[in-house]
Amino acid sequence: MMVAVVIVGIVPYFAMDPDTPISSAFAKHGMQWAMYVVTSGAVLALCSTLMGSLLPQPRILMTMARDGLLPSFFSDVNKHTQVPVKGTIVAGICAAALAFFMDVSQLAGMVSVGTLLAFTIVAVSILILRYVPPEEVPLSSSRRESMGLNQEYDEEKGRDPLGDDICDTSQIKDLIATEAMKDPLLEKQHKGKMDEMKRRKIAAFSIGSVCLGVLVLTASASATWLPFLPLCIGCIVGGVLLIPGLVVLCCIDQDDGRHSFGHSGGFMCPFVPFLPVVCILINTYLLINL
């Protein structure tokens, strides 16, 4: 803010160079050394930004590959440097190819599209995790190894010095199942499970309706080349899909394990689902009109 005030005070805003406003302002007053300092600082800042963007990308690819979302090629780590060399090389080649074959304005548009798309995916993911979180969560390789070691330790602890098991696990399971059949609360728990499944189906259908309604509404509102009647019909259809889905999400309960995948507890945010839906609506409109 203060830099803009100083530059406008040095040179009128209509006389500035739109590409290099700060350095050109110093150059018009004969301060060539300041122009070189500002230009060098801008180049170094761009280099640091590029390095900060390129270095985390191989780590992201490595994590995704370890979770099974990408080929195992990206999960290889160099034994000496402990760096994902293959992912770094692939990310560098892709970035260099994009910078060589595309214009700067096109790359800036791609950055904006990627940012808006990431925000949209996060907003949709919040709705999914709040209402229909996954039953099972994939574990990383290190977590699986630690759990395997703990299981082996428990098995060794459950044996006596002679090597015999202290108790038969199958007999314990049969005993638990028999006792559960005699429990009078079993039927009530089963009914609660059925209600939970029904709630999850309604929530999933409502989230899909909201996303489809946002897409239809923003696409119709952006299609200014259409005649007035089809434009109104598209907006009405999008609103009919969006508003009932949002009302249903406001009325039904959120998942009890909304923060820790099955473990109860957590803060009930009063802005869900309004804030994620507003973010999806705005980001989708900007993506279509970018």
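**View 1. Lining of the largest pocket.** Helices H3 (32–54), H4 (56–66), H5 (85–101) and H6 (104–131) each contribute at least two residues to the lining of the largest pocket; helices are DSSP runs of H or I with at least four residues, numbered from the N terminus. The model is predicted, so that local features need pLDDT of at least 70 and side-chain atom pairs count only at pLDDT 80 or more, while totals for chains, interfaces and linings use all residues. Residues are numbered from 1 along each chain as its sequence is written, and side-chain values use heavy atoms, with hydrogens and water left out. A pocket is an open set of points on a 1 Å grid over the protein atoms alone, where a 1.4 Å probe fits, with protein on both sides within 12 Å along at least five of seven lines; lining residues have an atom within 4 Å of a point. The volume of the largest pocket is about 810 Å³. Of its 20 lining residues, Leu 50, Ser 53, Leu 54, Ala 95 and Val 111 lie nearest the centre. The lining comprises 16 nonpolar, 4 polar and no charged residues.

**View 2. Lining of the second largest pocket.** This pocket has a volume of about 160 Å³, and its lining includes Asp 19, Thr 20, Pro 21 and Ile 22. Helix H2 (21–28) and H3 are the elements that give two or more residues to this lining. H3 gives the most, with 5 residues. By class, the lining holds 6 nonpolar, 3 polar and 1 charged residues.

**View 3. Salt bridge between Asp 76 and Lys 86.** The two side chains meet in a salt bridge at 2.8 Å, N to O, the term denoting a side-chain nitrogen of Lys or Arg within 4 Å of a carboxyl oxygen of Asp or Glu. Asp 76 lies in the loop between H4 and H5, and Lys 86 in helix H5, 10 residues apart. Asp 76 is partly exposed at 33% relative accessibility (buried is under 20%, exposed over 50%, partly exposed in between; 1.4 Å probe, protein chains only).

**View 4. Salt bridge between Arg 199 and Glu 196.** These side chains meet at 2.9 Å, N to O. Because they are 3 residues apart in helix H9 (residues 186–222), Arg 199 and Glu 196 are separated by about one helical turn. Arg 199 is buried, with a relative accessible area of 12%, whereas Glu 196 is partly exposed at 29%.

Key:
Points joined across faces, edges and corners; volume = space filled by probe spheres on them. Nonpolar A, V, L, I, M, F, W, Y, C, P; charged D, E, K, R; others polar.
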